Amino acid sequence: MAYQRRTLETALKRAFRTFPAVLLSGPRQSGKTTLLKRLCGRTHHYVSLEDPDVRTQALSDPRGFLQRHPAPVILDEIQYAPDLLHYVKSAIDDDRRPARWLITGSQGLSVMHGVSQSLAGRVAVLSLLPFSVNEARGRGNAEGRLSLTKLLDALMTGRDPVGPTSRPGLGDWILRGGYPEPRTRSRVDLRAWCAGYVRTYLERDVRAIVNVGNLSAFERFLRLCASRTAQILNLSDLARQVGVSVPTAGQWLSVLEASQELFLLRPYFKSFGKRLVKAPKLYFMDTALAAYLIGLTREETALAEPFGGALMETAVVSAWHKAFLHRGEIPAMYYWRSSDGIEVDLLIDHDGKLHPIEIKRTSTLMPGHAAGLRKWMALSGNGGRDGLIFADIAEATHVDRGIRGVPWSWI
C-alpha cells in the first residue's frame, strides 16, 4: 500500500521544531505509526509497547527500559505503559532538545491522564483521525498547506479548495469510510475488516479503559449509538434500551469519546430570542463503522431512508472535525436548533465569525433548501452572507442571496 500524505504533517512538523515530546493520539488503524515512521523513521528508534515482552520490560524496569531505548525514539501505544511517562519527564528535563520523544496512543482517557500528570508544558498533543476525502485521493499535502481561513474563503467563493481531483461517490464513501486500509485497498473485505476492528476494540481497548463486565451489552450500546448518529443525544433512552443505568451509559459514552470512535457536537449557546434545544448531537467519527454496525451493506440502502441523510450529515460534520484537528486546532463547531424547529446543522466559529452550514442529501439544490439558513441569518443578524449548503452535487452553485451550494466532498 503506497503511503498517502496526511494533512496533519504540517502541524506535526511545526511541533517537532518546538516541543521535546509530541503525543499523537487517535483511534486504532488511523495511521499514527505509519505517519511517524514516514517522517522520523530514519532518525528515531521505534519501540512498540503493544508487544507483551517489551511492555513487561517497560513496566518492571522503566529506567532500564529507557536506557535500552534512548531518545530520539518513537514510543508506540503508550497506553499499555502509561507510568512510563513519569520517567520520560525526567529524561526530558535533562535534555529539552525538540522532537526527541514521539509518542502514540489509541486510548484518550489513560493517555491524557498520564500526559497531564507528567508532561504538562513539555508535550504537543495532536490527533490523527481516518482519512479525509482529499487525503484519500492523494491531496493531503495540499490540504495541509491550506489554513482554515483559506479553506473557508475557497468554499464561500465556490472554489474547490485543493483543485480538481477525482473523488469517491457519496455511497462509496459512506460504506468504505476513511480508515486507510479499507479505503486504499479495494480488495479488502470491508465487512470482515469492520468486524475485526469492532472485536479488537471491544476486547482490548474497551477493557483497558474501563471495567466492562458485559461486553455484549456494550456492543449493543455501540450499535445503538451508530443507529443514532447525527441525532440529538438521549442518554436515558439509550440506557433504557440497553438495560443499564444512566450513569453506566454515560461512562460508556465517555469511553467511545475518549477512544475517538465518536464525538459530541454541542449546541451554540446564543438564543437570538428563541428557546433552544440544549442537548448535544452524537456523531460517529467514521461512516464505514457506523454503516457496518447499523447493518448496511449496499450503496443504495446506505443512501436511502431512514439512515441516508444521517450518514451524509455524519460524513460532512466529521470531515469538519478532521479539518480542525488535522491542522492542530481545537474544533470550534456547534449546531443550533430552536424549540420551534428552526435549525442549522453546523456552525463553524472561526476568526471571530460564525459560518452557518446546512447539509442536504440531494443532487438538485433549490432556493427552498436555504430556508433554515435564511431564518437563522435573520435572527442572528448575520447579514445574509456566507451561508453554505453541502449537497451531493458535482460543482458549486448559487442557491440564494449569500448562500452557496458546494459538493459534499470538498471538505
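1. A word on terms before the numbers: a pocket here is an open set of grid points with protein on both sides within 12 Å along at least five of seven lines, and a volume is the space filled by probe spheres set on the points. Please also keep in mind that this is a predicted model.

2. On those terms, the largest pocket has a volume of about 430 Å³. Its lining takes in 22 residues, and nearest the centre are Gln29, Gly31, Lys32, Thr33 and Thr34.

3. Which elements give two or more residues to that lining? They are α2 (32-40), β2 (45-48) and α11 (180-184). Of these, α2 gives the most, with four residues.

4. Now to the second largest pocket, which holds about 300 Å³ of space. It is lined by 13 residues, and Glu257, Phe263, Leu264, His321 and Pro331 are the closest to its centre.

5. Two elements to look at around the second largest pocket are β7 (262-265) and α18 (308-325), each supplying at least two residues of the lining. The largest share comes from β7, at four residues.

6. How do the residues lining the second largest pocket divide by class, and what are the counts? Nine are nonpolar, two are polar and two are charged.

Note on methods:
Residues are numbered from 1 along each chain as its sequence is written. This is a predicted model: local features need pLDDT of at least 70, side-chain atom pairs count only at pLDDT 80 or more; totals for chains, interfaces and linings use all residues. Side-chain values use heavy atoms; hydrogens and water are left out. On a 1 Å grid over the protein atoms alone, a cavity is a set of points where a 1.4 Å probe fits but cannot get out, and a pocket is an open set with protein on both sides within 12 Å along at least five of seven lines; lining residues have an atom within 4 Å of a point. Ala, Val, Leu, Ile, Met, Phe, Trp, Tyr, Cys and Pro count as nonpolar, Asp, Glu, Lys and Arg as charged, and the others, Gly among them, as polar.
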